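Where does this chain leave space, and what lines that space? The report below takes pockets, cavities, domains and helix contacts in turn.

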Amino acid sequence: HNRLAINIANVTKNSLREFDLNWDLQRHSVWSQINTSRTDLIRLRAGQVYGQMWYVGLNCTEDPLEDMQSVIEQIDTLKRLIERHQLDLSLATSVEELETAIMQGKISSLIAVKGGHTINSKLGLLRTLYALGVRCMSLASEQNCCSWVDSSLVDMMDIGTVELRHDLSLWGRLVVWEMNRLGMIVDLSYASYGATLDVLRYSRAPVIFSNAGAYAINRHHLNVREDVLIPLATQGGLIMISFDPKILGGYTIDNVLEHLNYLREVIGPDHIGIGSGFEAFDSAIDGLEDVSKFANLFNALQAGRYSDGETFSPWSSEELRKLAGLNFLRVFHEVEQVKRQLSQDPPFEDEDSEDLNKKLLTACVVAVVITICAIVVPIAVVNSYDEAPTGRKFAGREVLDEVPLIDGHNDLPFSIYLVERNLINHFNLDSNLKEHPVWATVNTSHTDLPRLRQGKLGAQFWVAYIRCADTQYKDAVARTLEQIDVTKRIIRKYPNDLRYADSADGIMAAFRDRKLASLIAVEGGHSIDSRLAVLRLFYELGVRYLTLTHSCNTPWADASPIDDVKPAPAQLNNLSAWGRHVIWEMNRLGMMIDISHVSYGVMRDVLEHSRAPVIFSHSSAHAVHEHHRNVQDDILRELGSKRGIVMVNFYPLFVGGNTIDDVIKHLNHIRSITGVDHIGLGGDYNGVAVTPEGLEDVSKYPDLFDMLANGELRTGERFEPWTRDDLQKLAGLNLIRVFREVERIRDTLSGEDPYEDLIPYEEFVLMAHKKTLTMGVLILSAVVAVAIAVPIASNSDTDNKVLPEANQFFGRTVLDEVPLIDGHNDLPWNLYNYERNQINKFELNADLKAHPVWGPATNSHTDIPRLREGKVGAQFWVAYVACDNQYKDAVERTMEQIDVIKRMVRKYPEHMKYVTSTEGIMEAFRERKIGSLIAVEGGHSMDSRLAVLRMFYELGVRYMTLTHSCNTPWADASPIDNQSEATLRNVTDWGRNVLWEMNRLGMLIDVSHVSHGVMVEVLEHTKAPVIFSHSSSYAVFQHHRNVRDDVLKKLVDNNGIIMVNFYTGFIGGRSIDNVIEHLNYIKSITGPDHIGLGGDFDGVTDVPVFLDDVSKYPDLFDLLAEGVFKNGTTFEPWTREDLRKLAGENLLRVFREVERVRDGMVDVEPYEDLIPFQDFVDAGVAEQPCMSDIEIHK
């Protein structure tokens, strides 16, 4: 917002003869005396301004024609000015033109009109302005002189002295709609509170305030109230901050910062811009005196510091980019989109506005009279925005159209597990489940899409819950992953109604699009199995709050039932020392801490130690009904002081009654203790067997809001009605505020290392339970093998024996042309063995051969210097856990390995780049970084659960080895081939579902480690090429881990690849020559298109001489190019094309084909059949003590 054009009109009467924007106007004899003059090209360039909205206009006069004439003259002057300075300025009338000008280094110039009085109530004049290039118009101006819209001046008047308040008249709506149709931005600066609400209701496109501040910071009539900000943001609009000291309420840059920080908190960074208002006010802000000073503001925002030294959360570079201009570009783009959508609509016709108002009002009166006669009851015509100063009554449910109703807790996913066994392909949520033959009999069924729509839900936290009594210390992690998976599949199944969201902005975006924002929560700390790595990966999968306990204690936090134990147990933990790490890691991640279900002591500890506000996702007031699940008043007060929220539960057992009145009593009590800013709703639907009368299911929320607005219980008892503002906060604004604060704390902690301390064994001892399954807390013995001393001859010794021919090349040069992709490296397993996955203080970018622990280890072959020396372009890092973990804790242990891989890659961004696709591998190679992919070695890691497989893929896993050295219930491992008496099952019928689901996902199938029969059957049934990630030739060395010729030939037909292993135990020798022998033989069978390398470094204790670590790949490529073994004998040299394929092109081809098959199966529903119990029986593992849901497989 800049009014230079208006000043030119006032000073020079629109003459440019004595005016040049290139002049230094601060030194000009005339302009330097004008105390509103703050703009010239010199200062625009110094301020790095690349886009400016120039406002034209005139204060109201008695002659409307004079107003229009003045505006047209100013538009002409502005255009002439832009043309005169065309090397610096460029007129823009579209987003495309605006962006083009910016790319050309010019100041993109848009024309805006101040005041709708300019069009003299003529839509034809509005269209004329658009034709002249105007792309924005404020409906009102500083004076209240427009017949069809009120200015903000009316908000200052005593309402009793105003004869008739217009807000936005009926004809004014036509102005808004015509602006929408034209593609002109609606500016609400200067408009009254009521007019603003009306426009937000009727505009089809986002709107802006081009020059305003926050009313909560400075109660000026031109500033914007919070209950306007929320619908503004909901509709995608924008408030652009003024630099006018009167609007800001002060004369320092801190005043601007205060407004900006408040707005970021309330509506997020996506809905704020800069609208300085320069050239319109006399006194200026210190540090923002003119258009050259914008950098001062952005530097202060980036630093996160006021001038007095007080700090605030620094604005990220992305937030600053949005503030600078990206937000305005988005709004302008959306306005143009609406224009295109309305392109077939005819223009609204000009008609006398007064006559039109009379006609429309008459029609409304007639309709009302007819309705009254028809139903013989009085009808109150209610405007949905009651808080305009008219004091009109409203129905509480209207609030749910203005802000998203966010419910904190719904257990539908657990109901789907109980009723449908998570098999949802043939389940229809978009139906009346009250009439379903099964669901109608379930007393915990309160949710379906029709009732969600009726209940006006705007956002829902869907809870991934599994019972702690059944699953803790067993399969809680795997079962929770299944619930996360079914939640995501439900959301994807109904894209017209549900939208996945994982942020406060995501909730608002879904609400704008009339979708139910669907978020994921985990109920119960038992679900993380006392592993911070699992917590981190849950966050990555979209979990946005974790309830610290359910009804049973964890080793690190007490649950609420302990509060009813009298006397209190001596071993009361409250929140243990390690439990604080859970809290701090959740703060660091940006995951909300939910303290429903926890004990009183844990509530106090969490409120003391959390750096971010916390929530009670579904709890009520202990003072109203004394139940251990409810919240005491002292906790409520502390919660308010820490800016948290309690979302009230509806369960009659907790609220102490069976009607909607009982719920309202809890809401009113909490409001009296905390104030209205700390309350929300968490109905607990589908998680309880009984619901209150009047709140029977999710369709009943509007009735609750009506009663709160009316201030009367069903019994007739009166209470203080909840205002519109109160109900907006209750519905969702309070939760949005908390969520944004949690996200902001996350951003401020972005530089902190992850918490990685293991839970001490003593905390299990304090519990009455000791884990019997293998865990990451086992103590390593300090046994270090003595390194085998082998002589390493220099390459030059042998190279000198063979004279290179003229056309010979060094094989290693290929590794500069294509990425060397190694299929299998077990470094993550060594990080577990030697560092307990605690890598914050571990240095991989060092010579580990000199390390006191890693150096002597015979299975340590990898560090960053050696990876660089070895020219490794991409590496599959393997998340491996031993077969000993099968049927125990393999899933959570594997997640810990996935987590440590991700943390390792993030720790070394200058050397490694996390990738999940062929394109990612090539992008990393172009950046000279090691493309780092994740693999899982062994089907035991997925615990025979397809949901876990899907979650692994979402976490970045791009291949899975079907077995390790042990059979799974659905596939045989290679040792069975040496057991003549064993019964071969190969791949079971259910195991084929694993293959097809991997095909559907786009996950490479790895058949290293599997039996010969499994190899054959996989190649028969897979829809995509497969890989052997680290296997060699059986014909060269007969070991069950190697691949027979018949399978190699089938692999060619499959278009797959075998990546040759270097382990001396599999290749039959201890020299690089043995590896070359396998490579040459396989090439003779398959040709060069189906071979790669999978060294197995860090996973074996003996590697070949001359291939003793990851630095030696170039030596191998040199020998292959030369065609000479180390012993001096020769073989047919590998061509450059052969070596390019070996290095990485073959793997890239296979990977791309797997991705192509995935894309071709995009419409195939997920495979969801449960593994039959008979598969466990046939595998000899029918007893499953750690599988809590074995019964559903029978």
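## Largest pocket

Helix H12 gives 11 residues to the lining of the largest pocket, the largest share of that lining. The model is predicted. The pocket itself holds about 930 Å³ of space. Its lining counts 32 residues. Nearest the centre of the largest pocket lie Gln-48, Tyr-50, Gly-51, Ala-324 and Gly-325.

Several elements each supply at least two lining residues: strands E1 (51–56), E7 (238–241) and E8 (272–274), plus helices H4 (95–103), H11 (294–303) and H12 (317–341). By class, the lining of the largest pocket splits into 18 nonpolar, 11 polar and three charged residues. Domain 1 (20–148) and domain 2 (211–344) each provide at least three residues of this lining.

## Domains

The protein chain is divided into domain 1 (20–148), domain 2 (211–344), domain 3 (403–565 + 573–749) and domain 4 (811–826 + 869–1162). Between domain 1 and domain 2, the C-alpha centres are 20 Å apart. Their contact takes 22 residues from domain 1 and 18 residues from domain 2. Domain 1 and domain 2 are also the pair named for the lining of the largest pocket.

## Second largest cavity

A probe the size of a water molecule, rolled over the atoms, shows where empty space is left. The structure has eight cavities of 30 Å³ or more. The second largest cavity contains about 170 Å³ of space. It is lined by 22 residues, and those closest to its centre are Asn-422, Glu-482, Ala-947, Glu-1168 and Leu-1170.

Two helices, H17 (476–493) and H33 (946–954), are the elements that give two or more residues to this lining. H17 makes the largest share, with four residues. The lining of the second largest cavity has 10 nonpolar, three polar and nine charged residues. Domain 3 (403–565 + 573–749) and domain 4 (811–826 + 869–1162) each contribute at least three residues to the lining of this cavity.

## Helix packing

A packed pair of helices is described by the angle between the axes and the distance between them. Two such pairs follow.

| Helix pair | Axis angle | Axis distance |
|---|---|---|
| H32 (918–926) and H40 (1136–1160) | about 140 degrees | 9 Å |
| H10 (253–267) and H26 (724–748) | roughly 115 degrees | within 7 Å |

On the H32 side, Thr-918, Ile-921 and Met-922 make the contact; on the H40 side, Leu-1148, Phe-1151, Arg-1152 and Glu-1155 meet them. The contact of H32 with H40 has four nonpolar, one polar and two charged residues.

For the crossing of H10 and H26, H10 brings Arg-264, Glu-265, Val-266 and Ile-267 into contact. H26 answers with Ile-736, Arg-737, Arg-740 and Arg-744. By class, this contact has three nonpolar, no polar and five charged residues.

Terms used: Residues numbered from 1 in each chain as written. Predicted model: local features only at pLDDT ≥ 70, side-chain atom pairs only at ≥ 80, totals over all residues. Heavy atoms only, no water. 1 Å grid on protein atoms, 1.4 Å probe; cavity = no way out; pocket = protein on both sides within 12 Å on 5 of 7 lines; lining within 4 Å. Points joined across faces, edges and corners; volume = space filled by probe spheres on them. Nonpolar A, V, L, I, M, F, W, Y, C, P; charged D, E, K, R; others polar. Domains from an automatic or database assignment. Axes fitted to C-alpha atoms, helices over the stretch in contact; angles between N-to-C directions. Contact = heavy atoms within 4.5 Å.
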